[in-house]
Amino acid sequence: MAFDSLSERLQSTLKKVSGQGQLTESNMEEMLTEIRLALLEADVNYQVVKEFIASTKEKAIGADVVGSLKPGQVLVKIVHDELVHLLGDEVSEVDFSKKPTVIMMVGLQGSGKTTTSGKIAKLIKTKYAKKPLLVAGDIYRPAAVDQLVTLGKQLDVPVYEKGTSESAENIVKGAMNYVALNNNDVIIIDTAGRLHIDEPLMQELANVKEIAKPDEILLVVDSLTGQDIV
């Protein structure tokens with residue numbers, strides 16, 4: 001929803017500017033103010049917004065946009081490129097050189113960790129021709145174990161689970177032993193949702209990390225979370 005609101009406001013602002021016959025310092029400042037407000041309303045960090053606006057303005061002036069023939073289109077391109085850069089313009093690939101490669105899923109409750117675990121398992125199996133193992137480490141939501149088992153059957157990916165009576169630490173230890181015997185390339189550990197203020201659950205997460213020694217820790221978040229993600 002935050003992206004929808006931001007998108008609508010940016011489109012409206014950029015339409016105004018792309019229709020300008022000539023871009024002046026004045027109407028460029030007006031457009032950048034609108035973009036600043038749109039980003040702040042979408043709960044983007046103030047420092048990030050400040051740097052984004054400064055960088056956009058610097059590139060616009062550097063490209064000699066003011067007074068150019070099609071200033072609106074040039075400025076729209078600059079804003080687009082800066083947004084892409086802000087969100088990340090490089091693809092970060094998982095390094096599968098270590099066997100097994102351990103991926104640990106973390107995040108708030110209801111953020112989609114279990115579903116995402118299944119999607120990643122499918123991608124790893126089909127794109128990289130690896131043999132993944134899903135680990136049901138969420139012992140606090142019984143449906144999470146059932147959900148992961150169902151996903152595993154649909155994807156033809158094995159799921160290591162011990163229900164909800166074992167501790168998460170023991171389940172992960174068991175999974176590491178299982179992998180050694182079954183030759184899995186990748187372990188994807190689905191953990192319970194938790195808040196950073198929940199000390200016992202955060203300690204459990206630290207314990208699981210110590211046992212599994214993950215190569216990748218993926219934070220799964222809802223797009224509406226805003227700066228609370230930090």
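Three elements each supply at least two residues to the lining of the second largest pocket: strand E1 (101-107), helix H8 (199-212) and strand E5 (216-220). The model is predicted.

**The pocket**

H8 gives the most to this lining, with 4 residues. In total, 18 residues line the second largest pocket. Nearest its centre lie Leu108, Arg194, His196, Leu219 and Ile229. The volume of the second largest pocket is about 440 Å³. What classes of residue make up its lining? The lining has 12 nonpolar residues, joined by 3 polar and 3 charged ones.

**The helix pair**

Now to helices H5 and H6. H5 covers residues 113-127, and H6 covers residues 142-155. Their axes come within 10 Å and cross at roughly 25 degrees. Angles under 35 degrees count as roughly parallel, so H5 and H6 are roughly parallel to each other. The crossing of H5 past H6 is right-handed.

Which residues meet where H5 and H6 touch? From H5 come Thr114, Thr115, Ser117, Gly118, Lys122 and Lys125. They meet Ala144, Gln147, Leu148, Leu151 and Leu155 in H6. By class, the residues of this contact divide into 4 nonpolar, 5 polar and 2 charged.

**Residue classes by site**

Technical notes. Residues are numbered from 1 along each chain as its sequence is written. This is a predicted model: local features need pLDDT of at least 70, side-chain atom pairs count only at pLDDT 80 or more; totals for chains, interfaces and linings use all residues. Side-chain values use heavy atoms; hydrogens and water are left out. On a 1 Å grid over the protein atoms alone, a cavity is a set of points where a 1.4 Å probe fits but cannot get out, and a pocket is an open set with protein on both sides within 12 Å along at least five of seven lines; lining residues have an atom within 4 Å of a point. Grid points are joined across faces, edges and corners, and a volume is the space filled by probe spheres set on the points. Ala, Val, Leu, Ile, Met, Phe, Trp, Tyr, Cys and Pro count as nonpolar, Asp, Glu, Lys and Arg as charged, and the others, Gly among them, as polar. Axes are lines fitted to C-alpha atoms, for helices over the stretch in contact, and angles run from 0 to 180 degrees between N-to-C directions. Angles under 35 degrees count as roughly parallel, over 145 as roughly antiparallel, 65 to 115 as roughly perpendicular and the rest as oblique. A crossing is left-handed if the near helix is turned anticlockwise from the far one by less than a right angle, and right-handed if clockwise. Contact means heavy atoms within 4.5 Å.
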